Amino acid sequence: MVEHIEEKCKVCGLGVIEHDFAICDICGWEADDLQNDKPDYIGGANEMSLNQYKQFWKDCKDKILQYEGVKVFYAIEMAREYYEKHFKKRNEAYYRSQDPLFDEKEKMIEENCLKQRIELLKKIEKEKNEKTEEEIRYEEENASKGLNL
């Protein structure tokens, strides 16, 4: 059960976190008790540690706050780019030191994601090409009236 809390975001101090694993609507940080207790912990709900995300916020907050659209989506996208540029190699090196099968697991995850994307695209394409029962019934009714659609 998710306990209802209401506190300011630990990263930006602007958004309100209503429960564990809530995402700040300003900076995109996902609240995580483990990372709150261990701010250098890599993993959990976020790719970056709490301290890494605070560094991201410090470097990018002006740009995020000036953004006119939905800030959380913009912040999350910027955080991904920032992570790739500043922390990904370091974090992956740490994971490798902790788990000798890390690369193998990452490859499996990547392959599974690719398979899921392909299946989803096939499903979307199939749905585009299939007529709904309502469309078929409409066409039949109009055909019986002598209308060509």
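## Model and confidence

The structure is a predicted model. Mean pLDDT over the chain is 86, and 93% of the residues reach at least 70. Helix α2 has the highest confidence, at 97. Helix α6 (residues 133-144) has the lowest, with a mean of 76.

## Helices α2 and α3

Helix α2 spans residues 50-66 and helix α3 spans residues 71-86. Their axes come within 10 Å and cross at roughly 130 degrees. The crossing of α2 past α3 is right-handed.

On the α2 side, the contact uses Tyr-53, Gln-55, Phe-56, Asp-59, Cys-60, Lys-63, Ile-64 and Leu-65. From α3 come Lys-71, Tyr-74, Ala-75, Met-78, Ala-79 and Tyr-82. By class, this contact has ten nonpolar, one polar and three charged residues.

## Helices α3 and α4

Helix α4 covers residues 88-98. It packs with α3 at an angle of about 70 degrees, and the axes are 5 Å apart. The angle falls within 65 to 115 degrees, which means that α3 is roughly perpendicular to α4.

Here Tyr-83, Glu-84 and His-86 of α3 meet Lys-88, Arg-90 and Asn-91 of α4. One nonpolar, two polar and three charged residues make up this contact.

## Aromatic pairs

The count of aromatic pairs is six. Ring pairs join Trp-29, Tyr-53, Phe-56, Tyr-82 and Phe-87 into a cluster. Tyr-53 and Phe-56 of α2 also take part in the contact with α3, as does Tyr-82 from the α3 side.

Conventions: Residues are numbered from 1 along each chain as its sequence is written. This is a predicted model: local features need pLDDT of at least 70, side-chain atom pairs count only at pLDDT 80 or more; totals for chains, interfaces and linings use all residues. Side-chain values use heavy atoms; hydrogens and water are left out. Axes are lines fitted to C-alpha atoms, for helices over the stretch in contact, and angles run from 0 to 180 degrees between N-to-C directions. Helices (H or I, at least four residues) and strands (E, at least two) are DSSP runs, numbered from the N terminus. A crossing is left-handed if the near helix is turned anticlockwise from the far one by less than a right angle, and right-handed if clockwise. Contact means heavy atoms within 4.5 Å. Ala, Val, Leu, Ile, Met, Phe, Trp, Tyr, Cys and Pro count as nonpolar, Asp, Glu, Lys and Arg as charged, and the others, Gly among them, as polar. pLDDT is the predictor's confidence in each residue, from 0 to 100. Rings of Phe, Tyr and Trp (its six-membered ring) pair if their centres lie within 6.5 Å; planes under 30 degrees apart count as stacked, over 60 as edge-to-face and the rest as tilted. Angles under 35 degrees count as roughly parallel, over 145 as roughly antiparallel, 65 to 115 as roughly perpendicular and the rest as oblique.
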